[in-house]
Amino acid sequence: MASNARLDHRNPLVIDTHELGRRPGALQRLTRTVDAPADLGIAGVVGVPEGTPVELELRLESVMEGVLVTGTARARAEGECVRCLEPVELTLEADFQEMFSYPDADDRGRVIAEPGDDAEDDEGRLFIEDGLIDLEPLLRDAVVLALPMQPVCQEDCPGLCSECGARLADDPDHHHDAVDIRWAALQGLAGSMTDGEKDEMSGAEAGVDEKQEK
């Protein structure tokens, strides 16, 4: 990608790399807790609520072409069980590693005269801007990869009854009597009859039986 927009050093996800000093082999370790940005996760499925503390463990290593960032993010994620629709809460741990390139160096660490001229070469690359790097896009990608695409409240969640929507985990013996669709209309007719009509039909059936016997 092209060089980052102007970065704000006050943003907790923006890291200052000046201490590394463009010295290959220089190493810096950081631990910090930041508030989760908005929409961190899989929209409508599961994610880290905005403002939730996110613990970051970072390792910054200076190399020829830039700064290699390796880290782990830990946070609490929330979602909805895809089977029974009950709330789901899980502990998220997302690992990530990414190279942030110096804007005046190619992918081999060689200094180039006019950085950013070749858009195709810059596609997919992250850059250091005035000694600052932005971890937010890296964090978003790592969190999405670490979250389950179909969260469940428990591995063997039986889900909901397909007929009435009852949560089956609350009533393991829940069931509905199966009705043969061929008899459903007759059952409905019988249910709508008065007692007198039923007696008349029973009498008629008895008369037919007597004739058959003769």
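## Basis of the model

Residues are numbered from 1 along each chain as its sequence is written. In this predicted model, local features need pLDDT of at least 70 and side-chain atom pairs count only at pLDDT 80 or more, while totals for chains, interfaces and linings use all residues; side-chain values use heavy atoms, without hydrogens and water.

## Nonpolar cores

In soluble globular proteins, nonpolar side chains tend to be buried together. A nonpolar core is a set of buried Ala, Val, Leu, Ile, Met, Phe, Trp, Tyr and Cys residues joined through side-chain atoms within 4.5 Å; buried means under 20% relative accessible area, with a 1.4 Å probe and protein chains only.

The largest nonpolar core has 34 residues, and L60, V69 and L135 make the most contacts inside it. Among the elements giving two or more residues to this core are strand 5 (53-62), strand 6 (66-80) and helix 2 (DSSP runs: helices H or I, at least four residues; strands E, at least two). Strand 6 gives the most, 5 residues. Beyond its neighbours within four places in sequence, L60 is in contact (heavy atoms within 4.5 Å) with residues including I15, V69 and I133. A second, separate core of 5 residues includes C81, C84, V88 and C157.

## The second largest pocket

The second largest pocket is lined by 13 residues, and E98, L138, D141, A142 and L145 lie nearest its centre. A pocket is an open set of points on a 1 Å grid over the protein atoms alone, where a 1.4 Å probe fits, with protein on both sides within 12 Å along at least five of seven lines; lining residues have an atom within 4 Å of a point.

Helix 2 (136-146) and strand 7 (87-101) each supply at least two lining residues, and helix 2 provides the largest share, 6 residues.

How values were computed
Buried < 20%, exposed > 50% of the residue type's maximum accessible area, 1.4 Å probe, protein only.
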